[in-house]
Amino acid sequence: MYAVHNQPHVLEILQGYKVGELSPEEPSLPAPGDPYAGDPPRHPALKVNSLKPFNAEPPAELLTENYRTPNQLFFKRNHLPVPAVDPASYRLRVEGPGGRALALSLAELKSRFPKHEVTVTLQCAGNRRAEMSCVRPVKGLEWGVAAISTARWGGARLRDVLAHAGYAEEEEEAGERHVCFEGLDKDQSGAAYGASIPYRTAMGRGAEVLLAYEMNGEELPRDHGYPLRVVVPGVVGARHVKWLGRVSVSGEESPSHWQRNDYKGFSPAVDWDTVDFTTAPAIQELPIQSAITEPAPGATVPPGELTVKGYAWSGGGRGVVRVDVSLDGGRTWRVAELTGEEQRPGRAWAWRLWCLTAPVPPDCAALDIVCKAVDASYNVQPDTAAPIWNLRGVLSNAWHRVRVTVAED
Ligand SMILES: Nc1nc2c(c(=O)[nH]1)N[C@H]1C(S)=C(S)[C@@H](COP(=O)(O)O)O[C@H]1N2
Ligand SMILES: [Mo]
């Protein structure tokens, strides 16, 4: 099921369970079908990180060509085969209070609840993991800087659907509750992908968590959760459950592996022998992030003038207030120009793109370009990855560095 498990250290573990070998006279077993045979076609420009399950990011320079990422280029992060969902028989199961449950068809979701649209950036917790693994190896897919993308999503507000099911707006004394989501993508044991968010994230006044059926004005593509996915503005990608099958409210977080035993941050002191996943909170709102998308690392740039481009984004609706860029490894700085939509304070769910055009210092053979962003709470990025290293390589948000060569005049 997971091609990523086809590795020496996994085969070594499996060796301990080997019971014997089939005799050559034994009739051969039917070859198991490829569980990924029904996956949709994908854009050839995507850089594939893992084919089965499908994980891919666009080339960095294409990422910032558009404020809203075209659906075909939007990064894709699947843990399992893409399920084939029949839109006519599809029902979203919403568990209401007191054991009552709703089964909502797509037509009902579209007609009963006002359509809400919001532009949201989605970032995987593992974005920029490759840089963290340069410090020390980590376990996870080697994402570059493009496991992040932005779309205009359209759908019903989760708040409206939960209210329809009988849930009240967040009450002060309600105690800790969680909204749990289950996908229709399942592993061989029948376990579905799942995740949860705090109740207040879903039900707080003005909450914009969506059950989305549209992405950039188009029907939700299969890779992105057709026919329905959760979009949780300002929160890590892992909670935006795709191919949504079931919603429930619980006093506990989702029991899913991906909620309880993954997508958490740890100290650099913690390794695979000492890690205890119960000791760290699940990642929800992400920290301030930025990266350079142009020029590419190792590129040769002409002398004279240089244009640097990139993105910056922060979780929790905290807008980006500034991006600083250095051409000399962080000794001197310039302020980049922010482009793209400026969203409302506290609801800045989407990234800003940025751009800086600056003179290349004369007699300079190489440039060490650095970017760092500041969010509305004046949170900043750490200057290096080593102090934030963690065994799963998540939350990698150090200053981004790109070294280039300057061509001779
Ligand atoms: N059902 C389901 N939902 C899922 C996942 C998944 O594998 N199955 N992956 C999660 C992760 S880790 C991320 S980063 C985002 C990626 O969304 P995208 O593929 O639309 O970019 O989906 C999330 N939702
Ligand atoms: Mo992710």
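Colleague: How do the residues lining the largest pocket divide into nonpolar, polar and charged?

Modeller: Keep in mind that this is a predicted model. The pocket in question has a volume of about 830 Å³, and 27 residues line it. By class, that lining divides into 5 charged, 9 polar and 13 nonpolar residues.

Colleague: Which element gives the largest share of that lining?

Modeller: Near the centre of the largest pocket you'll find Val4, His5, Lys139, Gly140 and Arg392, the lining residues nearest to that point. Two elements give two or more residues to the lining, namely helix 7 (257-260) and helix 1 (8-15). The largest share, 4 residues, comes from helix 1.

Colleague: OK, on to the second largest pocket. Why does it lie between domain 1 and domain 2?

Modeller: Start with its lining: helix 2 (60-63), helix 4 (129-135), strand 14 and strand 22 (400-406) each give two or more residues. Closest to the centre of the second largest pocket are Glu131, Val145, Pro297, His400 and Arg401. Domain 1 spans 47-279 and domain 2 spans 289-406, so the pocket lies between them because residues in its lining come from both domains.

Colleague: And how many charged residues does the lining of the second largest pocket have?

Modeller: This pocket has a volume of about 430 Å³, with 27 residues lining it. Of the lining, 14 residues are nonpolar and 4 are polar, while the charged ones number 9.

Colleague: Strand 14 came up there. Which strands are at the edges of its sheet?

Modeller: The sheet is an open one of 4 strands with antiparallel pairing, and the order runs 14-16-20-19. Neighbouring strands in this sheet are turned by 30° against each other on average, ignoring direction. An edge strand here pairs on one side only, and that picks out strand 14 (289-294) and strand 19 (337-339).

Colleague: Let's check the backbone. What is omega for the cis peptide bond between Lys52 and Pro53?

Modeller: Pro53 sits in the loop between strand 1 (47-50) and strand 2 (55-57). The bond joining Lys52 to Pro53 is cis, and its omega is about -5°.

Colleague: Trp243 has a positive phi. Is Trp243 buried or exposed?

Modeller: Trp243 isn't a glycine, yet its phi is about 45°. Its location is the loop between strand 12 and strand 13 (244-250). The relative accessible area of Trp243 is 2%, and the cut-off for burial is under 20%, so Trp243 is buried.

Colleague: What about Tyr378, buried or exposed?

Modeller: Tyr378 also isn't a glycine, and its phi is positive, near 60°. You'll find Tyr378 in the loop between strand 21 (366-375) and strand 22. Exposed means over 50% relative accessible area; Tyr378 has 65%, so this residue is exposed.

Conventions
Residues are numbered from 1 along each chain as its sequence is written. Chains are lettered from A and ligands numbered from 1 in the order in which they are written. This is a predicted model: local features need pLDDT of at least 70, side-chain atom pairs count only at pLDDT 80 or more; totals for chains, interfaces and linings use all residues. Side-chain values use heavy atoms; hydrogens and water are left out. Two strands pair if DSSP finds at least two bridges between them. Axes are lines fitted to C-alpha atoms, for helices over the stretch in contact, and angles run from 0 to 180 degrees between N-to-C directions. On a 1 Å grid over the protein atoms alone, a cavity is a set of points where a 1.4 Å probe fits but cannot get out, and a pocket is an open set with protein on both sides within 12 Å along at least five of seven lines; lining residues have an atom within 4 Å of a point. Grid points are joined across faces, edges and corners, and a volume is the space filled by probe spheres set on the points. Ala, Val, Leu, Ile, Met, Phe, Trp, Tyr, Cys and Pro count as nonpolar, Asp, Glu, Lys and Arg as charged, and the others, Gly among them, as polar. Domain bounds come from an automatic or database domain assignment. Buried means under 20% relative accessible area, exposed over 50%, partly exposed in between (1.4 Å probe, protein chains only).
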